[in-house]
Amino acid sequence: YQRRVHGIVIRKMVQSINADPFLAIRRRKKIVQTVETFFGIGVLLFFNWFTCKYALLKWYYSDYPILSIFSYPIYTTRIGIFLLFFYELAFALSLASLAKTILTDPGYVLNIPAPDHLAVDLFECCHCNEWKPPRAHHCTVCNRCILKMDHHCPWVSNCIGVGNEKFFLLLLFHTSIFTIMTAVYNFLSAYFTWVARMKPLKLSLQSLLAAGFGLSFLSFLFGGTLSLLLLNLLSGMISSIITNQTIVDIEQNMFGEERPFCENFKNVMGNDAVIFWFLPITPTLKINYLDKLYKPEDLSLIHI
């Protein structure tokens, strides 16, 4: 019986691979990307734990707890509470933005019905054999067409498209703030450790490292480097939003319709109040599935 079941499973796997020869490659990529996602979450969790314990709660220690969280007393000063609140807020918004980027539909064309009155003029994708809006692109990893696809991000194991572009932008924004705060707090912690332990007491290097100087300095370097990388990605995303382009459009030297600055941002962040642009909540979008792409010479003709 077990051999029979094993044979049926193997046969189905072979049939699925024969039907889609790239299925095994996509599955391996998905597994690797899932590992990368959990690694990124682990880095954020480590930064949060180490910075809170060895920077904020260490240098703003109080003999008496000012407050308690879930019956756990927090021994820190008022300044420490203030810094801890904004640090944890940036951390929570980073994780929430990451979760929304991963779980939100990026704009799969399969979930969008084709307009009946334009059925004759529609394009068809040669890979998934479905209707394809002008600004949709086929993702070889997801094996689906994504409306206004920017790129496939391995760190979130999902495509970035019209549905989750806001959450990806917020992920870069809030994580940049979180890593900048991590770098600053750990730099100050390393500096305070150096001044308090090394200068007056003339301690050895081993005692200095045991006091947390080494890990604080490494966290400062790693957090600072990561913040620079995230800020670079964030500036690239904002630039592409301003020009109404995606990474795929830039590679193909194509442009979206020129619109005012605020209108381009509303097409990504939603038609809600500006305060909601900074929160990872589902935006109110007016999506034009028939929005076209233009070549540089076509854009010049439009404005003549």
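The lining of the largest pocket sorts into 20 nonpolar, 10 polar and two charged residues (nonpolar is Ala, Val, Leu, Ile, Met, Phe, Trp, Tyr, Cys and Pro; charged is Asp, Glu, Lys and Arg; polar is the others, Gly among them). Keep in mind that this is a predicted model, where local features need pLDDT of at least 70, side-chain atom pairs need 80 or more, and totals for chains, interfaces and linings use all residues. Residues are numbered from 1 along each chain as its sequence is written, and side-chain values use heavy atoms, with hydrogens and water left out.

**The pocket**
- About 760 Å³ of space sits in the largest pocket (an open set of 1 Å grid points where a 1.4 Å probe fits, with protein on both sides within 12 Å along at least five of seven lines; lining residues have an atom within 4 Å of a point; the volume is the space filled by probe spheres set on the points).
- Of its 32 lining residues, Cys 153, Trp 155, Leu 172, Leu 230 and Leu 233 lie nearest the centre.
- H6 gives the largest share of that lining, 10 residues (helices are DSSP runs of H or I, at least four residues; strands are E, at least two).
- Helix H2 (23-59) and strand E7 (151-153) are among the elements that each supply at least two lining residues.

**The cores**
- The largest nonpolar core has 17 residues, and Val 156, Phe 168, Leu 169, Leu 172 and Met 269 have the most contacts inside it (a core is buried Ala, Val, Leu, Ile, Met, Phe, Trp, Tyr and Cys joined through side-chain atoms within 4.5 Å; buried is under 20% relative accessible area with a 1.4 Å probe, protein chains only).
- H4 gives the most to this core, with five residues.
- A second, separate core of 14 residues includes Leu 44, Cys 52, Ala 55 and Tyr 185.

Key
Buried means under 20% relative accessible area, exposed over 50%, partly exposed in between (1.4 Å probe, protein chains only).
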